[in-house]
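Had a look through this one, as you asked. My notes are below, once you have the model up.

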Amino acid sequence: MLTRHAQQRHQQRSISHEAIDLLIQYGAVDYHRGVEIYSFDKHGWKKLCEEAACACQFRDKLKNCYAVVAEGMVITVGHKQRHFKRNRH
């Protein structure tokens, strides 16, 4: 389920619903200030490449995406511009 803000951001940033679903299914989760941040780590990326049947071009675009989730709702999505810090609370 996407919030109104997340719907705007996924349209503006050209991140599909399928990409968001794959992020949540295969991505690693970090917790920060009460929200979950999904992005791909090496393990999740390898698992996605092995299991999911999707085009290479789509997968390459997906590699740098992230999704912020709180209480089961996707708050926002975007493309990572820099490295995220790990294990912050």
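This is a predicted model: local features need pLDDT of at least 70, side-chain atom pairs count only at pLDDT 80 or more; totals for chains, interfaces and linings use all residues.

1. Numbering runs from 1 along each chain as its sequence is written, and side-chain values use heavy atoms, with hydrogens and water left out.

2. The sheet is open, with four strands in the order E1-E2-E3-E4 and antiparallel pairing. Strands here are DSSP runs of E, at least two residues, and helices are runs of H or I, at least four, numbered from the N terminus; two strands pair if DSSP finds at least two bridges between them. At the edges sit E1 (28–32) and E4 (73–79), each pairing on one side only.

3. E1 and E2 (residues 35–39) run antiparallel and are joined by five bridges. His32 stands opposite Val35 in E2.

4. Which residues does Thr76 touch, leaving aside those up to four places away in sequence? They are His5, Ala6, Arg9, Arg13, Tyr66, Ala67 and Val68, with contact meaning heavy atoms within 4.5 Å. Thr76 lies in strand E4 and counts as buried at 14% relative accessibility (buried is under 20% relative accessible area, exposed over 50%, partly exposed in between, with a 1.4 Å probe and protein chains only).

5. There is one aromatic pair. The ring centres of Phe40 and Trp45 are 5.3 Å apart and their planes make 75 degrees, so the pair is edge-to-face (centres within 6.5 Å, using the six-membered ring of Trp; planes under 30 degrees apart are stacked, over 60 edge-to-face, the rest tilted). Both Phe40 and Trp45 are buried.
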